[in-house]
Structures are given as structure tokens and as C-alpha cells.
Amino acid sequence: MVELQANLRPGAEQKVVFITARVHPGETPSSFVCQGIIDFLVSQHPIAKVLRDHLVFKIAPMLNPDGVYLGNYRCSLMGFDLNRHWANPSPWAHPTLHGVKQLIIEMYNNPKINLEFYIDIHAHSTMMNGFMYGNIFEDEERFQRQAVLPKLLCQNAEDFSYSSTSFNRDAVKAGTGRRFLGGLLNDTSYCYTLEVSFYSYIVAGTTTAVPYTEEAYMKLGRNVARTFLDYYRLNSLVERPLAPTPKTRKEKEPLFKGTTLQGQGTSHVGSKLEKRSQTHPKDQSLPTQ
């Protein structure tokens with residue numbers, strides 16, 4: 001786990017960006033994208049310094065190390081697709097996933113921490129460019145706010161395609177990190193899957209496919225990191241001159257350890273999930289897929 005945290009005001013609310021990668025061991029491009037993010041954030045670039053001053057980045061660069069070691073394409077040592085077990089990961093069968101989920105729950109329960117973004121990095125075997133998957137919410141305003149980050153990334157990265165970005169709640173994706181955490185966290189949090197092509201990208205306005213290289217993947221990672229500055233400037237957290245902003249977020253409902261809420265997007269974790277669980281008692285946990 002890589003944690004980047006510098007010069008944050010004592011006692012201030014921590015705004016956290018949580019990034020994971022390589023849950024599917026065969027998706028090697030995700031490691032290069034994640035490496036690009038890490039390299040940029042620890043650099044002396046002025047933008048990196050500003051981000052470290054205002055945000056906490058928690059990065060788990062390899063969620064499936066045993067699968068990577070064994071050369072598996074999608075599964076872990078035990079034969080599980082870890083990205084279908086976020087609802088109820090086993091500390092024995094899915095230890096890395098269980099540990100990351102418990103850390104996220106601890107942060108959610110901490111009133112001084114606001115987990116604002118979760119991004120899970122993958123590679124795609126059939127589509128081109130980089131793109132994102134997001135969630136669908138009943139709250140139209142929250143749904144529109146969710147589109148801001150990928151739109152900004154599209155402006156910063158020539159290989160990122162907003163037209164390929166989609167928002168869904170497909171049942172087959174219910175156990176993924178994006179879907180599960182999108183239903184778990186409150187309405188100030190946004191969860192995405194960042195996908196990047198295994199082979200090439202097309203720059204907007206052209207028809208020529210450009211093969212991806214290791215450096216191109218890492219460049220996408222650097223552009224992802226840069227985009228957070230644009231996002232927070234747009235939302236007035238980072239300004240010139242830099243100034244702290246008062247806490248305006250509503251207090252969070254406590255989330256108890258071991259919660260197995262279904263990963264559908266909702267506007268509020270508390271009342272709406274309770275109402276949903278009363279209406280659909282069978283939805284308290286997800287089946288193993």
C-alpha cells in the first residue's frame with residue numbers, strides 16, 4: 001500500500017483518493033498506468049506538490065499478487081475472480097480484497113476522513129483508448145457530477161475517450177469494486193473503473209490507431225493525477241492563492257464492520273438503503289459469481 005500524505009493541516013478533514021490496480025493479473029497495462037500515477041505524485045512537479053498538500057492518496061497497486069506470480073489471466077491462487085467478491089470477501093479466500101475493504105470501511109466511519117474517489121484500474125482486450133465505467137444514481141445531480149472527472153480527463157489525455165465512457169448498473173458487475181462501493185459510500189463519493197486498451201488508441205479527429213507503449217500507459221497515469229487538480233480547482237478546494245476551505249459536508253451515517261450492502265448506486269447510504277432492504281430483503285448480500 002502506497003500512502004502519499006504531506007503538509008495537511010492538523011485536525012482538518014482529509015480528502016482521500018483511493019486507487020487500486022491489477023485485480024485481474026493478466027491486465028498488465030493497469031500496472032503501468034498505476035506506476036505513472038505514483039511516479040507523478042511523488043515527483044517534485046508543482047502540480048504534484050499541490051495535490052500532496054490538499055489530498056491523501058492511498059494506492060494498492062496490485063490487488064492480486066498471487067495471480068500475477070502464477071501467471072493467471074483473471075483469477076487468484078484459489079481460482080476466484082476477486083472483482084466479483086467485494087460484497088462479502090473472505091479473509092481466507094480473498095485476503096487482499098478483504099483487507100482493502102476493511103480499510104475503506106474504517107475510513108468511511110472516521111468523521112475526519114472523506115473518501116471522495118475510488119478508481120480501479122483495468123485493461124480491456126477489445127476496446128481502444130482509455131475510458132471509464134461509472135455508476136447510475138437516482139439523484140440526477142449526483143449522476144451529472146460523476147461525469148465531471150472523466151470529462152476533464154478527456155481534455156488532458158489525448159488517448160482518453162469520453163464517448164466510450166459509460167455509466168451502468170449491470171447485474172453481472174454487481175460484485176465489482178466500482179459497483180459495490182458506489183452503493184456503499186455516501187453521495188460525496190465517486191467510484192470508477194478506469195479501463196485502458198491492451199493494444200492502441202485513436203486520437204480525436206484522426207483515424208489512425210496508435211499502438212500503446214509502456215511510456216504511453218504511464219503518461220495516461222500522469223494525466224489522471226493531473227486531472228485531480230483541475231477537478232478540485234473547479235470545486236474551489238484548490239485556489240490561487242491556496243487557501244483551506246471550511247467543512248460543509250453533511251455528517252456521515254456510521255457504517256458497521258462486516259456490512260454486506262448490495263453495490264447499487266444510491267443518493268444516501270442511510271435511509272434509502274434501509275428502505276431498500278425492507279422492500280427487498282433478499283438483497284442484503286450478493287451471491288458469489
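**Salt bridges up close**

Author: The structure holds five salt bridges. The model is predicted. Side chains of opposite charge can pair when their charged atoms come close.

Start with Lys15. Lys15 pairs with Glu13 in a salt bridge, with 3.5 Å between the closest N and O atoms. Both Lys15 and Glu13 are buried. Lys15 also meets the side chain of Glu116 in a salt bridge, at 3.2 Å from N to O. This second pair links distant parts of the chain. Lys15 sits in strand E2 (residues 14-21), and Glu116 sits in strand E4 (residues 113-124). The two are 101 residues apart.

How buried are these two partners? Lys15 has a relative accessible area of 17%, so it counts as buried, the cut-off being under 20%. Glu116 is at 9% relative accessibility and therefore counts as buried.

Now turn to helix H5 (residues 140-146), which holds both Arg145 and Glu141. They lie four residues apart, about one turn of the helix. Arg145 forms a salt bridge with Glu141, and the closest N and O atoms are 3.3 Å apart. Arg145 is partly exposed because its relative accessible area is 30%. Glu141 reaches 53% relative accessibility, so it counts as exposed, the cut-off being over 50%.

Back to the pairs around Lys15. Salt bridges that share partners join Glu13, Lys15 and Glu116 into one network.

Key:
Residues are numbered from 1 along each chain as its sequence is written. This is a predicted model: local features need pLDDT of at least 70, side-chain atom pairs count only at pLDDT 80 or more; totals for chains, interfaces and linings use all residues. Side-chain values use heavy atoms; hydrogens and water are left out. A salt bridge is a side-chain nitrogen of Lys or Arg within 4 Å of a carboxyl oxygen of Asp or Glu. Buried means under 20% relative accessible area, exposed over 50%, partly exposed in between (1.4 Å probe, protein chains only).
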